[in-house]
Amino acid sequence: MADIEQQRPVLVVDFGAQYAQLIARRVREAKVYSEVIPHTTTVEEIVAKNPLAVVLSGGPSSVYADGAPKLDPALFDHDIPVFGICYGFQAMAGALGGTVAETGTREYGRTDIAVSGGLLHDGLPATQPVWMSHGDAVTEAPSGFEVTATSDGAPVAAFEDRARKLAGVQYHPEVLHSPHGQQVLSRFLHEIAGIPAAWTASNIADALIEQVREQVGDGHAICGLSGGVDSAVAAALVQRAIGDRLTCVFVDHGLMRAGERTQVEQDFVAATGARLITVDAADTFIGELAGVTDPETKRKIIGREFIRSFEGAVSDVLGENASHGATVDFLVQGTLYPDVVESGGGTGTANIKSHHNVGGLPEDLQFKLVEPLRLLFKDEVRAVGRELGLPEEIVGRQPFPGPGLGIRIIGEVTRDRLEILRHADSIAREELTSAGLDGTIWQCPVVLLADVRSVGVQGDGRTYGHPIVLRPVSSEDAMTADWTRLPYETLERISTRITNEVADVNRVVLDVTSKPPGTIEWE
């Protein structure tokens with residue numbers, strides 16, 4: 001497999017959908033490489049990428065409204081397979097001469113469609129549930145298209161022109177609420193567009209190793225190791241590529257959870273044999289965060305101090321080689337595709353929050369970044385880690401943010417507040433593990449509302465303590481998430497232990513917000 005950057009992609013055109021990145025992930029689940037591009041990308045730019053196919057996403061607009069994103073009909077002059085979803089389906093129909101209108105029957109949520117033929121739904125139930133979200137509908141398919149499904153609110157709920165490798169659906173096949181959606185999307189990719197299933201963990205790993213080897217050449221690199229799966233897999237990939245010219249640097253910024261420094265120093269080194277240097281920087285980080293309450297400012301401070309810590313570790317990394325003129329030019333990071341997307345990079349999306357390793361980096365960065373995972377989703381990273389032989393203790397670890405507990409304290413970060421949160425977090429993790437729930441949840445952020453106090457009663461006396469928030473979530477890729485329905489008995493044990501054992505905490509609350517509208521972390 002060639003360099004990932006040179007792969008012929010399936011391009012997902014983002015018309016402002018909530019789930020454009022999820023569509024890209026579903027394409028990859030079908031073992032086909034995909035990327036998200038903004039709807040402002042011109043047809044010439046699309047053709048220049050030599051895509052295997054184009055998928056048109058959903059979006060919040062009406063296709064015939066003033067200012068709505070437009071689809072250039074010239075896209076269909078280049079023999080590129082195209083698949084439309086929801087808004088993209090309607091835009092596709094309109095661009096090819098079909099009719100889109102407001103039918104007066106809106107469909108939102110679970111909806112049954114009646115299948116009447118075609119390849120997309122071949123062998124699937126004649127009546128099946130799908131997830132709809134539309135007010136307008138395609139009322140007449142373009143010439144040459146076979147209508148293959150209908151619903152009460154969509155006279156044309158799916159169509160196909162297999163000769164031209166064009167198809168689409170009114171519903172959202174990318175969400176789990178459409179139980180046959182992955183099969184439908186895979187049918188388009190493999191059977192209509194004729195794309196082989198070649199995007200596999202072994203191929204990805206080989207391509208990434210070669211990509212890093214070419215980028216770094218004979219140079220030296222350091223890797224910012226957090227102990228999480230992303231940085232661990234990135235480090236393992238780079239080590240395969242350049243061997244002992246990689247040194248991992250673990251920055252103990254004082255914002256870690258209980259026991260994590262020991263876990264990083266023991267588990268990762270045992271698994272990879274990589275050289276690891278630990279930098280004690282807690283005083284610096286906590287000092288720089290003093291008085292800071294704005295979450296974006298926190299992230300940028302933490303990102304800046306990470307880089308300063310790495311720069312300070314260069315002399316230790318080089319050791320005796322420094323006298324021979326060697327330099328460390330490369331910094332390895334475990335940046336993922338969702339990090340880039342949420343930081344406003346690459347797709348024309350809004351900056352939801354600056355990830356410390358993307359939007360939080362200082363402008364005077366002295367290193368060239370090596371980010372082998374930048375185009376991967378979390379499940380792909382885990383698959384690559386297993387392919388590289390990393391143990392499940394590392395690969396299966398629940399995500400933990402690079403800024404650590406610094407973004408789980410709502411308010412100023414102080415040593416006392418860190419100790420409160422660290423203790424509460426350790427209790428929650430211990431009880432979730434004891435209940436056998438580690439494999440059920442994606443992660444469970446524990447948040448301290450440091451600037452909030454509430455009245456309580458403990459030991460027959462009045463207290464005025466902090467609330468602790470439990471945020472258990474289920475997700476596949478962190479782009480969307482739902483709160484995890486934990487057993488009441490487990491929640492009760494966590495609450496009882498935290499309020500009894502953690503000083504200055506007298507209330508435990510449960511966050512039951514999905515993503516969207518919330519994000520997984522509070523800051």
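Trainee: How many bridges join strand β10 (residues 220-224) to strand β13 (residues 328-332)?

Mentor: The model is predicted, with local features needing pLDDT of at least 70 and side-chain atom pairs counting only at pLDDT 80 or more, while totals for chains, interfaces and linings use all residues. Residues are numbered from 1 along each chain as its sequence is written, and side-chain values use heavy atoms, without hydrogens or water. Strands (E, at least two residues) and helices (H or I, at least four) are DSSP runs numbered from the N terminus, and two strands pair if DSSP finds at least two bridges between them. β10 and β13 run parallel, and the number of bridges joining them is 4.

Trainee: Which residue in β13 is the bridge partner of Cys223?

Mentor: The strands in question, β10 and β13, run parallel. Within β13, the partner of Cys223 is Val332.

Trainee: What is the strand order of the open sheet, and which are its edge strands?

Mentor: The sheet has 5 strands with parallel pairing, in the order β12-β11-β10-β13-β14. Two of them pair on one side only, and these edge strands are β12 (276-280) and β14 (368-370).

Trainee: At what angle does helix α6 run to β11?

Mentor: Axes are lines fitted to C-alpha atoms, for helices over the stretch in contact, and angles between N-to-C directions run from 0 to 180 degrees. Contact means heavy atoms within 4.5 Å. Helix α6 (residues 229-242) lies across β10, β11 (246-252), β13 and β14, and its angle to β11 is about 160°.

Trainee: How many residues apart are Arg25 and Asp379, which link distant parts of the chain?

Mentor: A salt bridge is a side-chain nitrogen of Lys or Arg within 4 Å of a carboxyl oxygen of Asp or Glu. The side chains of Arg25 and Asp379 form one at 3.0 Å, N to O. Arg25 counts as buried because its relative accessibility is 6%, whereas Asp379, at 27%, is partly exposed. Arg25 lies in helix α1 (residues 20-29) and Asp379 in helix α12 (residues 378-387), and their separation in residues is 354.

Trainee: Are Glu521 and Arg408 buried or exposed?

Mentor: Glu521 and Arg408 form a salt bridge whose closest N and O atoms are 2.7 Å apart. Glu521 is in the segment after β20 (505-510), and Arg408 is in the loop between α13 (392-395) and α14 (415-434), 113 residues apart. Both Glu521 and Arg408 are buried.

Trainee: Which residues are linked in a network of salt bridges?

Mentor: The whole structure holds 31 salt bridges. The residues linked in a network are Glu430, Glu431, Arg493, Arg497 and Glu501.

Conventions. Buried means under 20% relative accessible area, exposed over 50%, partly exposed in between (1.4 Å probe, protein chains only).
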